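Here are some notes for a colleague who has the coordinates open. The points follow the salt bridges, then the nonpolar cores, and then the surface.

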Amino acid sequence: MAPTPPTARGDTAAAAPAPSGLASAVPSGARQVTGRRVGCPERPVPSVPVPPRIVRAEVALGIAAAVVGLVGIASALTPEFANRSDFVRGVLPPGVPGAARILALAFGLALVWLSRLLARRRRRAWHLAVALVTGISIAHLAKGLDVEEAALGFALLVALLRYRARFDVPGDPRSVRPLLATIPALASVAGLAVLLEVRGSEGDRWEDAFAAAALVLGTRALYLWLRPISERVRQSAEERRLVRRLVRSHGDDSLAFFSLRLDKSYFFSPTRRSFLAYRVVGGSALVSGGPIGAEAEFLDLLGEFRRVCHARGWRFALLSVPGELLPLVHTLGLRALKIGDEAVVRPESFSLDGRAIRKVRQSVTRLERAGYEFAVVGAGAVDTELRAELERVSDVWRGRHVERGFSMAMDDLFREPETLFAVARRGNSVGGFLHLVPSACGFSLGAMRRDPATPNGLMEYLIVQTLLWARGRRAAELSLNFCVFADLLGDAGGNHLRAAVRAALRAGDRVFQLERLLVFSRKFNPEWRPRYLCVERISEFPLVGLAYLQVESLLTPPGPWARRPAVKV
């Protein structure tokens, strides 16, 4: 049987059996923490008045473009006034009014689609909108002397010209070269279609083929023309040294260490005492966690980064924001959506006594009797033989699935010498391991892997032994896993909409392991800390959510491209 695909945080789900149902997302007796963490420094959050929301000119013009487009669609689909239609048909050549009707419909659909980009101040969208509004206004006159619709279009055209300076977000300069290659191909297809029509060639297959090719090339040309500025991930050696120092000195959040991944860009404050780690995916600038560094600079840092996002046409989003930063998020006027809870266990108070943790206790005893031993090894101290074993376990665990993670996992398990491996081995063979990263309050779990051939309960054994080891190191906490939509999965009640969403989440459990991860984490009686996805507008949640799934590699299907070269032992 192929191993179950890993999750984005901890890769723990396959260690727990699929449950039949949940009574509560937070187990009886567990603590739910939303404010200051015990044993960790408190964050003073600056507060300033939130300015009232006003409708900007570009937003109003975007709405107006959608209205003009909808009016054009309705006009093209309804009959014309008889007296006006007769007049137009007597003046224009045959076939022109009919073609104008089709053009009005096409231009109307294009304006509705383009309205969202106008609201985001895209300069190239403005260029295209001016052409479309001019075309649809002329088409209204040509198809039936629709003066009212044409006047509405010309009024929008005047407004677009009046506020042209508002559309200052440039397009992606990297799209010019592929666009120049696409346009001749599109012109060639159109020329061949016209040539066949002039020669009177018959053949539905050729017409369908040219239509399909024109549609594909036209869509690609529009995408390249309207694509926002893209950004490649760049990290200089100086930036990484500075980020590493700030993470060590100000990494209060359990996710701070994951900022050291190589697939994130950095945005610093003017004093370089604080920074954001982010990546641009599909026009969304995804900030991983919250700001790191001097708390007094967080408000200005986020505000300046949002300004940069607006200037480049990016959606501004914060991923996995902890609850203590919500006042800052609201001060910025962002909308927060709770996306799950982080399970955190305190080693000092953890115990194997009691009926509630009986199964975990039995798993530990069974693995000890099977001859497994526990050890913690720093990444910098891993020798060649141990590394080969760790990579072998990781490869068989992942199978045909890609490495997942962005905000809650490392991209390289061995690069950072401060990270740790908690290893369960029998003899010279590694059965499984935890990958731990340091945090200000203890440790965070970045990956959890095991050989599918090992006995059940190996993950429980590893976590228990790690908690006991962390207690000896006086670590305040161990951050286990992030459980997505724990409230929905654990709430058996609610209305029909919540029930439908819960059913959909459980249906996807086989792929994303949402419910199994929640059940597994509950075994250790953790504290639950909410995390949020924050955006500027509610309407941005769907696109930002897709970008979030993409950057976490949750949309990448399994396949041979996920496999690494075989490890030679």
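1. In which helix do Asp-395 and Arg-398 lie, and how many residues apart are they? In this predicted model, both belong to helix α12, which covers residues 384-398, and they are 3 residues apart, about one turn of the helix. Their side chains form a salt bridge in which the closest N and O atoms are 3.5 Å apart, and Asp-395 is buried, as is Arg-398. There is also a network in which salt bridges with shared partners join Arg-240, Arg-244, Asp-411, Arg-415 and Glu-416.

2. The count of salt bridges comes to 31, and one of them pairs the side chains of Arg-120 and Glu-540, at 3.1 Å from N to O. Arg-120 lies in the loop between α3 (96-119) and α4, whereas Glu-540 lies in the loop between β12 (527-535) and α18 (541-551), so this pair ties together parts that are 420 residues apart in sequence. Arg-120 and Glu-540 are both buried.

3. A salt bridge also joins Glu-536 to Arg-306, with 3.7 Å between the closest N and O atoms. This pair again links distant parts of the chain, since Glu-536 is in the loop between β12 and α18 while Arg-306 is in helix α9 (residues 298-312), 230 residues apart. Both Glu-536 and Arg-306 are buried.

4. The largest nonpolar core deserves a careful look: it has 35 residues, and those with the most contacts inside it are Leu-434, Ile-463 and Phe-524. Two or more residues each come from β6 (335-345), α11 (358-369), β8 (420-426), β9 (429-439), β10 (442-450), α13 (458-472), β11 (477-484) and α17 (514-522). Of these, α13 gives the most, with 8 residues. If residues up to four places away in sequence are not counted, Ile-463 touches Leu-434, Met-448, Leu-480, Phe-520 and Phe-524. Another core, of 31 residues, lies apart from it and includes Val-247, Ala-277, Val-281 and Val-544.

5. Is Glu-460 buried or exposed? Its relative accessibility is 3%, which is why Glu-460 counts as buried, the cut-off for that class being under 20%. The side chain of Glu-460 makes a polar contact with the side chain of Lys-523, at 2.7 Å.

6. Asp-263 is placed in the loop between α8 (237-250) and β1 (265-268), and because its relative accessibility is 16%, it counts as buried. The side chain of Asp-263 makes a polar contact of 2.7 Å with the side chain of Arg-261. Leaving aside neighbours within four places in sequence, Asp-263 is in contact with Val-233, Gln-235, Arg-279, Phe-406 and Asp-411. The C-alpha atoms of Asp-263 and Met-410 are separated by 9.9 Å, although these residues are 147 residues apart along the chain.

7. On the surface, Ile-138, Leu-141, Val-147 and Phe-154 form a nonpolar patch whose accessible area together is about 320 Å². Helices α4 (123-144) and α5 (147-162) each supply at least two residues of this patch. Val-147 has its place in helix α5, and it counts as partly exposed because its relative accessibility is 44%, a value to be read against limits of 20% for buried and 50% for exposed.

How values were computed:
Residues are numbered from 1 along each chain as its sequence is written. This is a predicted model: local features need pLDDT of at least 70, side-chain atom pairs count only at pLDDT 80 or more; totals for chains, interfaces and linings use all residues. Side-chain values use heavy atoms; hydrogens and water are left out. Patches are made of residues with over 30% relative accessible area and no salt bridge: like charges are joined within 9 Å, nonpolar side chains (Val, Leu, Ile, Met, Phe, Trp, Tyr) within 5 Å. Accessible areas come from the Shrake-Rupley method with a 1.4 Å probe; for residues, only the protein chains shown count as cover. A salt bridge is a side-chain nitrogen of Lys or Arg within 4 Å of a carboxyl oxygen of Asp or Glu. Helices (H or I, at least four residues) and strands (E, at least two) are DSSP runs, numbered from the N terminus. Buried means under 20% relative accessible area, exposed over 50%, partly exposed in between (1.4 Å probe, protein chains only). A nonpolar core is a set of buried Ala, Val, Leu, Ile, Met, Phe, Trp, Tyr and Cys residues joined through side-chain atoms within 4.5 Å. Contact means heavy atoms within 4.5 Å. A polar contact is a pair of N or O atoms within 3.5 Å; within protein, one must be able to donate a hydrogen and the other to accept it, and residues adjacent in sequence count only if both atoms are side-chain atoms.
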